[in-house]
Amino acid sequence: MNIDFYERIWMWAAAALVAMFLGAILIPAAVQAIHPPSHVETLDPTKLAEHPEFATGGVNTRSDGSVVVSVAASMFAFTPNPIEVPANAPITFRITSADVIHGFQVVGTNANAMAIPGYVSQMTVTFATPGRYIIACHEYCGLFHHEMVGTLIVR
Amino acid sequence: MAGKHTLAASHIGVAVAAFGVASFMGVLQALSMADIAFPWRSESLYYMTLTAHGVLMALVFTTFFIMGLGYVLARECLGRIVGQAAGWLAFGLGTAGAAAAAVTILRGQSTVLYTFYPPLQAHPLFYIGATLIVVASWIWGAIIIASFRAWRREHRGEPIPLPIHGLLATIILWYLATTGLAIEVVGMLIPWSLGWVEKIDPMVAPGATSRPISDAPVISRSRAKRRTVTRMRHARPSPSRPHRLGRPRRLQSTRRRRRRTRASRSARSA
């Protein structure tokens, strides 16, 4: 089949762009282990009030110094609030939702996940700088979405 | 006798009408956020207008405008459109769907934004209306493809007109993109909003699953844990840039809020 010279150039250019974009996703995923903070861990969102971990949420320190923070998001608050964690220690956030989809972003950092009812989103973050951080819900969740703000205190 | 572009003009007419309503909604949205004494400002007005603006601009306006443009291009480049009657049927379905969805939004029954992530629930007619718009666009795609095939039979060996090449690529992408949406809306959201099924899995909805990917550079626990920690050391608030969310914007005045709190407190003690 005869393909015009210029057409050939554009076809290869388009193919190179697709390869570049796919590479930009796949290479960090493989080399830097970047992946969405959703692993398939499920629970019953209607029974969250009786859940041993998420009924009150909380900050628990393991024997090796790492910290697990369990957060339940619901309309229109994060539980617990405020959250207090140590600086320079790996903090594992475990986040779920009691009702609709919420967001969980520690503003100014790259700690960012969705809180999906029925699922646990998990991510590990180390905060180097002590201070007060804002936790923002960044998924529209209802009429008071804009007031759904929590506080993270890093000491 | 209808003009040669009547079908196209009808689509673009609906698109422009949706654009007009959406623009007005945009103004209301700004007024319900701005720091001025706008008497009707409220959370529900803000999010209702945000939904209407998004749905009418991003979904209705674009879809109808592209359908109209497609008919113009097909008519001009291919000489004729095969299946005009089906085109009018699609136009009727799509317009009825857009109107139904718009009415439920404007009545405040479908304040779910144009992303409509479940389990945030809209009125059933919102989902049915959205489905009708998509079905209309599928019929439109089939008409363009049929018109192209008819043209091809009469013009063997001729190169495809460039606008038609682009149009066919658009239609292929559109079919790919809307298939998942149609499965979500018809298979999950419509039965759920009508109460036929009790609960749905928000993770299965394409909107919800595509978002964590866009929210990516979160580095979760993983085999590359040490690298994770060193990268995360850089996580700190940037003092140079004041956070937009630093002081949550209040939609209600403090006085109104205080009054509300006081009212609920006295109700509780009573």
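Okay, let's start with the buried residues of α3 in chain B: they are B:Gly87, B:Ala90, B:Phe91, B:Gly94, B:Gly97, B:Ala98, B:Ala101, B:Ala102, B:Thr104 and B:Ile105. Before I go on, please keep in mind that this is a predicted model.

So what do those buried residues of α3(B) pack against? They sit against α1 (6–33), α2 and α4 (124–154), also in chain B. In general, an α-helix has 3.6 residues a turn, so residues three or four places apart point the same way.

Now, how far apart are the ends of this helix? Helix α3 of chain B covers residues 84–106, which is 23 residues, and at 1.5 Å a residue it should span 33 Å. The C-alpha atoms at its ends are 32 Å apart, so that agrees. After α3(B) you come to B:Gly108, and its phi is positive, near 80 degrees.

Let's step back to chain B as a whole. The chain has 270 residues, and 40% of them count as buried. If you take contacts in chain B between residues at least 6 apart in sequence, 71% join residues at least 24 apart.

Here's one pair to look at on screen. B:Thr6 lies in helix α1 of chain B, and its C-alpha atom is 9.6 Å from that of B:Val72, 66 residues apart along the chain. B:Thr6 counts as partly exposed, because its relative accessibility is 29%.

On to the nonpolar core. Which residues touch the most other members of the largest one? That core has 82 residues, and the answer is A:Phe93, A:Phe104, A:Phe127, A:Leu152, B:Phe64, B:Phe126 and B:Tyr127. Helix α2 of chain B, residues 43–78, gives the largest share of this core, with 14 residues. Apart from it lies another core, of 6 residues, including A:Ile101, A:Met114, B:Tyr117 and B:Met203. As background, nonpolar side chains tend to be buried together in soluble globular proteins.

Let me zoom in on A:Phe104. Setting aside neighbours within four places in sequence, the contacts of A:Phe104 include A:Val71, A:Phe78, A:Phe93, A:Ile95, A:Met123, A:Ile135 and A:His138.

That brings us to the strands of chain A. There's an open sheet of 5 strands here, in the order β5-β11-β10-β7-β8, and the pairing is mixed. Which strands stand at the edges? Those are β5 (83–85) and β8 (112–115) of chain A; each has a single partner strand, so one side of each has no neighbour in the sheet. From one strand to the next, the twist averages 25 degrees. Inside the sheet, β7 (residues 102–106) and β10 (residues 131–136) of chain A run antiparallel, joined by 2 bridges. A:Val106 has A:Ile135 as its bridge partner in β10(A).

Last topic: cysteines. How many disulfides does the structure hold? Over all chains, 0. Take A:Cys141, which is in no disulfide: the nearest cysteine sulfur belongs to A:Cys137 and is 3.9 Å away. A:Cys141 counts as buried, because its relative accessibility is 0%. Over in chain B, B:Cys77 has a relative accessible area of 25%, so B:Cys77 is partly exposed.

Note on methods:
Residues numbered from 1 in each chain as written. Chains lettered and ligands numbered in written order. Predicted model: local features only at pLDDT ≥ 70, side-chain atom pairs only at ≥ 80, totals over all residues. Heavy atoms only, no water. Core = buried A, V, L, I, M, F, W, Y, C linked by side-chain atoms within 4.5 Å. Buried < 20%, exposed > 50% of the residue type's maximum accessible area, 1.4 Å probe, protein only. Helix = DSSP H or I, 4+ residues; strand = E, 2+ residues; numbered from the N terminus. Contact = heavy atoms within 4.5 Å. Expected span 1.5 Å × (residues − 1). Pairing = 2+ DSSP bridges. Axes fitted to C-alpha atoms, helices over the stretch in contact; angles between N-to-C directions. Disulfide = S-S within 2.5 Å.
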